[in-house]
Structure formats: structure tokens, C-alpha cells
Amino acid sequence: MAVSESPLSAIKGSVGSSIPHDSAHLHVSGEASYTDDIAEPRDLLHLAVGMSERAHARIKSIDLQPVRDAAGVVDVIVVDDIPGENNCGPVIHDDPILAPNLVQYVGQAIFAVAAETVDAARKAARLAIIDYEDLDAILDPLDAVEKQSFVLPSETLTRGDSTRALESAANRLQGRVHLGGQDHFYLEGQIAMVLPRDDGDLFIFSSTQHPGELQALIAAATGKQAKDVVVECRRMGGGFGGKESQPALIACIAALMTQRTGRACKLRLDRDDDMKMTGKRHDFVIDYNVGFDSDGHIDAVEFVFASRCGMSADLSGAINDRAMFHCDNAYYLPNLSVVSHRCKTHTVSNTAFRGFGGPQGMFGIECVMDDVARHLGIDALDVRRRNFYGVGERDITPYGQKVKDNIIVELVEQLHASSGYVSRVADIKSFNAESEILKRGIALTPVKFGIAFTATHLNQAGALLHIYTDGTVHLNHGGTEMGQGLFTKVAQVVAEELQIDIDQIKITASDTSKVPNASATAASSGSDLNGKAAQAAARTIKGRLSRFAAEHFGVAEADVVFTRNEVIVGDSSVPFKELVRLAWFARTSLSATGFYKTPDIHYDRETFSGRPFYYYTYGAAVSEVIIDTLTGENRLLRVDILHDCGKSLNPAIDMGQIEGGFIQGAGWLTTEELCWNEKGELMTYAPSTYKIPTSSDVPIDFRVQILESVANREETVFRSKAVGEPPLMLALSVYYALKDAVSSVAGDGQRVSLQAPATPEAVLNAVRALQYPDETQHA
Ligand code: MTE
Ligand code: HPA
Ligand code: MOS
């Protein structure tokens, strides 16, 4: 693991140092406390949810008596028992907590039962007798397009004149590809525990990326106000976007039951129910039409995206917007039109997932690059390079943002050389010429990912810092910890700013009563936003301490310097702790809030133009695979990655994000397949049928490098760059390497049709379609 360490200073945990995650020792020993590990109150009730068995139906009647009569049951609630608003939808209020008389997906919550034990609750929840009247269900995005069934209006982004450019292009291709969704498969499932407090107030422990939104939705559902509800989360066992909006359903049900019974309530979904009841990455059907010259320069692209949003809007507006914003990936597309349909289907409402639509958009343009290359018989990397954004020219995105920080050309050149791409392509050609059954393939794909919430107002953050009289620090901010190392990074920023060892800083749980109105920890901007807010709070206190020291020691404020747990005042120095004690004695406030909002971003959603992103993060990956053309089985032989983290706040944590993101992306594109049957039931709702990558799927030869510290050109926190989501998209190289291997069974110029995920079955189908073009597709 080549990690360059360049700590700015000698305190423990300075910015840029590769210290471990603050909870690493607790993670590995099993001592880290997750929501389900919090000590349960004496009178805790356990909840279970009664779910719809139909995709789209009217509830004619419902008999809950058997549920109420079951052993251990204390209470049951249905929609009419909700005193406030029956909604857990984050943006548009179209997401019922408990179904009214209409159900819109298999797994939708109809009622909730509270019992003395988990088993009693879960057993009782199955006893309801529900009489449904089935309605026509739309189970497929293309069917939804045909029936004009949308959760939100379709959107269009255009640049230039794609119709004319397509007409006059030397070459044209059209295609359609189906791109699957993805379950988050966080190790810790959805969970909330609610405690009753004085006067009907509610205290919620939830595994959530967005405590503030839960607070608001619970207040609305219970008929309370934000001030009456507190939400806390110390850590999640993974979120990956699946806990940006989805925890609201679970927490609202638990809060409603606590409100009714006056007892503490916990709702923890078991894995099967979690997979059936909660939203996933949107699957897409992508249609494209591309015009290009004989060297592979793209003249025009037209995309139509149809995404499965499920039964409600959830975050689908912003997700599909981000897909549109990333359908250029790292390429300058002079003429472009993208139509984005946000399809309403009678399946679970899909949601945020690492990359937030970006991966789907980028998958589309990479398909185009690959098809163009194969059509022309040119190496796909050459086609990609020819279309890269330029520096100072060809640098405006379709939405009008200038790409000012483009480093994709150098980055790809560096990876091209270090990975030995040219000789490996030659090796693979000769291997494939001699090997009849096993075939190898390779692909290098780039990533350019826009950093900021596309909804400008969400790009804000707050922090709260206390210094106690012994010089130790209590740190809080609006971000949440889901394993990505945010809490560690923000503590590093504060340590650096105050010049004290990181072990003097207490990292504390996200808590709506400490920092209000925080955005979700999402869009990879957790450290950008909360790091800056915490830095601002530290600077405020440091300013007060400086002024105090200048006055107390009779020196100029400019001569007060914080360094290595000391404060230099003129010619002498005092320990930081001592200065704090003196300042307290002189009645100096040692507590401060900090606030940050991302500067210079703006964006007009009507015209899809502006500067939605503060900057871009770049990376590239080369994947090499081998496939068995008789079975479709395959292995990832070698992966080389070069990824940009700006000036990394913590290279070890960033390395973990790159490796983990890549593997998660590889799972999405190869083994993780979501299947619904004709009744709209999810068939792949457990690890027996839904296959996430395991340690044996890690590439045999995995070479990950962080790009040698290139300062972010924007003034981000210590010039770092966001790293949470972008590495997932490096895994596009795995899919295109598989496609490359498949293509070797036919000659140049042959179209390869490979569905995603490229499961062994899909690979085999693609191989057979090339080998036996006249046969109807092998099932
Ligand atoms: N890493 C771990 N270990 N667990 C997670 O749940 N979520 C990802 C990414 N990396 C995730 C993760 C997603 S979807 C996002 S948006 C970012 O982390 C959020 O954190 P950040 O903004 O602090 O990077
Ligand atoms: N990214 C991730 N999550 C979000 C966004 C975004 O752009 N907008 C709203 N939630
Ligand atoms: Mo990440 S999908 O923005 O939570």
C-alpha cells in the first residue's frame, strides 16, 4: 500500500497523517456500540411491521384481531392511529408511513405491532387477515414510460443541436442497455429505539445519515414540533446512501408507538424484511444514439434514461438529476440531449446509493465509448482519450460549468504507464489467440465526479466545540459516522487548528440538540462541510485565547502562536492546557459554534445550468479479467487504480474508501442481481440469493495508489478532496474488461451486448450471442 505521509506538524493526529479510524480498535474487538447495542430500558417494547403481500391493491378489509390476541402483544397501530402527518418522504410528501387503503409495493408497511419480545412481535405480525382487491401493477420502467407513469416530471438537458449533428455524423450507432440496481447490504440493518421523555417528548436513537430529517418527520407524524424531538446517532454499521432517507419509516413507526404506549420502543428489521421494505439503487434502461467520426471523436449523443423510482419520489429527483450531470463523465460532448424519465413502478421506492445516480449516468457514456471503439476497431482507451475534456478549451460541461481543475489527461497517462497497459493489451491478444475456452479482457476507465449537493441550499454545516478547564476538547458537528472515517478526519482538523494531540479531543455522537438543521451526511461532502465548520469553531476559540494571551502576557496578538500542544507568547511559551486554565480564570468563553457554506455554487434547475459542483474529483482504473466462455464464470485478475484525494486529510482512511468503493462498485456490476417476479415480489432478499462481494472477490493483484498530493485548487479544508463516492465508479472498468473479454470470441466491428450486472449468466449469454448470432438468445 503506497501511502505518502506528509503530516503538516508533529502533534498526534495532525492533518495528513495516516492515523487509524477513531473506532478501529472497537470495530475489531466488537466493542463499538451500534444502536442495537445500547442498553435497553426495563420496559422496552419490540416492534414488527405487517407488510403488504401485493404490489398494487386496494385493501378491502383487514382483520387484526389475531394479531392483537397473539401471545405477548401489547398494541397494534394502523394508519388511522397516526395523530399527525402520515408521511416519511423526504422531499415530496408522497410516502405513507402506514399504508392507507391502497398498497403500492410488496413489503409496504400496513400496520405495526408492539410486543414484549422480538419473536412475539414478528410472529404476531404474520397473523393479520387482509383482503385485497388487486389493481394493475407496473413492474418495469419501460412499461412505466409507455403508460406515462412517473413519480416526477421528465427532465431534459440539451447542448448544441444533437439532431443535426447526428444527421451529419460520419458514423452512427444506436443501443439499449439494462443496468441493474443494488441493495446497500449495510452490515447493520435499519433500526431505531425511541425513549419517552417528560411531557411526551421523544428521544430517538437511530442508525441514520440524516438525524435532522428524522427529527422533522417524527415531529410531523406525532403532531409535535422539532423542539420536542431529539435524534442521536453515534455510528452506523454502514449507510452507503441507504440511510439517507430510509431510516425515517422505521423511526417514525417506533416514535408513534412510543407516543401511544408511553413505553420505550425498538424496531429492528431482520435482513429479509430490510431488503424487501427499503429502497435500493435505481436500475436504469439507457437508450443511446451516437454520431462520431472515423477516429472516434464524438459529435453528438442522445440519451434517454428510464429509471425505476418505485412507488414514490423519495430522493429520485436529485438522483436522476445527478445521473444527467454525469452522463458526460470525463468527456467533452459538443452536442448532447438527455431525457430523464423518473418512472413510477409498484416496487419499493428507490433511494440514494453511493454515487447517487452518477454511476448510472457514467455507465451510459462509457457504453457509448466502448461501442464506438469496437465499431471502428480502435482500442477503447484511445477513443476515451480523444474525447477527454481539454484544459482551456473543450472544457465546458453540458450544464455550463467550466471544468477548471481538469487533471484527467495526466492522471490517465500516469496510470497507463504504471499499469503497463500497452504490453498487457498485447499479452492478452496473444493469450486469447491461443486459448480457446478461457479469454482475458482489459479496460481502463476514467472517473470525474462533481462534489457538492446539487441542491445548493444543502451545502451548509455546523459544529459545536467546547474546551474544558483541563484543556481537553468536546467536538460535535452535524455529520454522521458510517464507517467512512468522517469523525476521525474532523477531529484531525481540530487537532491541527488548535495544535493539540488528537487524544485530547472527544469525538461525540451526532445529536440534533447540539447542532441543528444539518444536511444529510451525503454527496461525499461530509468532511468538506463539517471539517470547515469545526475549523471555524476552533478558530473562534483560538482567537479568544490569542487575545487573552496577548493581554495577559503583554505581547502583540500576532506573537501568540499555537504549536505542538504549546502556545508561544513572545519569547516564552505556555502549555496549551495552562493557557486554557488561565483564560477560564479570566472569564473567557471556551465554547463556540462554527458554520460553513460552500461558496460560489449556484444552479438553476429550470434550465439545468450553472455551477452545481464546487470542484471535481478524478480517478482512473485498469481492470483485467478472465472469463470461461463455456460457463460465463470469471475472475478479476488485476486492478490498478490511481485516485485523486487532493491533499488527503488521512491517506490510510482514503485508501480504505478507494478500495471499499471499488469493490462495492464491482459487486454492483458483476454479482449483485435484484430479481422481481411477475407478482412484484423481490426474489433476491437474502444473502443466499443476493451476492455481494466477499474477500475472495478482491482482485488477486490489487494495486491502489493515491495521486501524489495535488492541492485542491478550491479552498477546501486543508485543500483536501472528497473521497466517499467517486471510487465506486472506478469499477466501471471491471464491467468493460468483461465486455472486452467477451468481444474476443468475435472479430472487430462486432457489437457486444452484455447486460449489467455481468453475472456469469449474462457473460455466457453475451458470448453465445456472438458465437451463434442466428440462435435466439439463450435463456
Ligand atoms: N464508507 C463506509 N465505510 N460506509 C459507508 O456507509 N458511505 C458512502 C461513503 N463511504 C459509506 C462509506 C457514501 S454513499 C457517502 S455519500 C460518503 O461515504 C459519506 O461520507 P463522507 O461525506 O464523509 O465521505
Ligand atoms: N447527493 C447525495 N445526496 C443528496 C444529494 C446529492 O447531490 N442531494 C440530496 N441528497
Ligand atoms: Mo451517499 S449516496 O451521497 O449517502
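Predicted model: local features only at pLDDT ≥ 70, side-chain atom pairs only at ≥ 80, totals over all residues.
**Entry 1**

I then turned to Gln499, another residue other than glycine with a positive phi, here near 60°. Gln499 sits in the loop that runs between helix H14 (486-498) and strand S19 (505-507). Is Gln499 buried or exposed? I noted a relative accessibility of 8%, and because buried means under 20%, Gln499 counts as buried.

I also looked up a cis peptide bond, which joins Ala756 and Pro757 with an omega of about 5°. Pro757 belongs to the loop between helix H18 (732-743) and helix H19 (760-771).

**Entry 2: the second largest pocket**

I next looked at the second largest pocket, which holds about 680 Å³ of space. Its lining is made by 35 residues, and those that lie nearest its centre are Met51, Ser52, Glu53, Asp273 and Lys276. Which elements give two or more residues to this lining? I listed strand S1 (45-51), helix H3 (118-125), strand S6 (129-134), strand S12 (265-268) and helix H8 (271-277). S1 gives the most to the lining, with five residues. When I sorted the lining by class, I had 21 nonpolar, five polar and nine charged residues.

**Entry 3: aromatic rings**

I went on to the aromatic pairs, of which the structure holds 20. One of them is formed by Phe185 and Tyr690, a stacked pair with 6.4 Å from centre to centre and 5° between the planes. I placed Phe185 in the loop between strand S8 (171-179) and strand S9 (191-196), and Tyr690 in the loop between helix H17 (651-670) and strand S29 (701-706), so the pair ties together parts that are 505 residues apart in sequence. Both Phe185 and Tyr690 are buried.

Which charged end sits over the ring of Tyr616? I found that of Lys448 there, 4.4 Å from the centre of the ring.

Terms used. Residues numbered from 1 in each chain as written. Chains lettered and ligands numbered in written order. Heavy atoms only, no water. Helix = DSSP H or I, 4+ residues; strand = E, 2+ residues; numbered from the N terminus. Buried < 20%, exposed > 50% of the residue type's maximum accessible area, 1.4 Å probe, protein only. 1 Å grid on protein atoms, 1.4 Å probe; cavity = no way out; pocket = protein on both sides within 12 Å on 5 of 7 lines; lining within 4 Å. Points joined across faces, edges and corners; volume = space filled by probe spheres on them. Nonpolar A, V, L, I, M, F, W, Y, C, P; charged D, E, K, R; others polar. Phe/Tyr/Trp six-rings, centres within 6.5 Å; stacked < 30°, edge-to-face > 60°. Lys NZ or Arg CZ within 6 Å of the ring centre and 35° of its normal.
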